[in-house]
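Please consult the sequence and structure shown here while reading.

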Amino acid sequence: MKQGALYEVIVTTMNVNKQPHAAPMGVRVLKEDFFSMRSYGETRTLNNLKITRHGFLNIVCDVESFFNCLFKPYRLSFDWVMGFPRLKRAFAWIYFKVHDVMEKEGYYKIMCSALGVHIKRVKARPLCRAESSLLEALIHYTRIKYYESIKREDKIAELRGLINHHLDIVERTGWPKLKRMVEELKRKVS
């Protein structure tokens, strides 16, 4: 992971009752073992991290895992390592510790450090624009709830426009499974 870059990962945490939770999040690498994440509002992930102070960054190479986090969490399966859940489907994991949670204007900044890394062997595969566009649409979708809570209709309309733009790309360049996810996301957005 390159310093300064923003990566889309799935963060797995657990609550006080040891129930696993997975959520897509952007992670910015600050320096070798340190990174930050943003949480827009009091999310389940943020609350879990405030309590347990640990979690896993799950690096996946399929957009379906991001989709399932948002709409079909029952399809996710977990391994338990060091007492915390991680996604079985990930090809790499970073076990991390939370150092600080700072409330900023409109979001929380979570400062973390990596405690351990595990990488599986994976096969290379060609890129398809459809996956990246579906991921962009899902990221924009996650922000709508926040803007609804603060009644920012202008931002909601902007996000819906971006979502539709990316979903059009998926419909032109994707395969049937991705197109089914597009139809479901369209129903959620409208």
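## The largest pocket

The lining of the largest pocket consists of 20 nonpolar, nine polar and nine charged residues. Here Ala, Val, Leu, Ile, Met, Phe, Trp, Tyr, Cys and Pro count as nonpolar, Asp, Glu, Lys and Arg as charged, and the others, Gly among them, as polar.

## Basis of the model

The model is predicted: local features need pLDDT of at least 70, side-chain atom pairs count only at pLDDT 80 or more, and totals for chains, interfaces and linings use all residues. Residues are numbered from 1 along each chain as its sequence is written, and side-chain values use heavy atoms, with hydrogens and water left out.

## Two residues with positive phi

Arginine 53 is not a glycine, yet has a positive phi of about 65°. This arginine 53 lies in the loop between helix 1 and strand 4; helices (H or I, at least four residues) and strands (E, at least two) are DSSP runs, numbered from the N terminus. Because its relative accessibility is 28%, arginine 53 counts as partly exposed; buried means under 20% relative accessible area, exposed over 50%, and partly exposed in between (1.4 Å probe, protein chains only).

Lysine 151 also has a positive phi, near 55°, and is placed in the loop between helix 3 and helix 4 (153–173). Lysine 151 counts as exposed because its relative accessibility is 69%.
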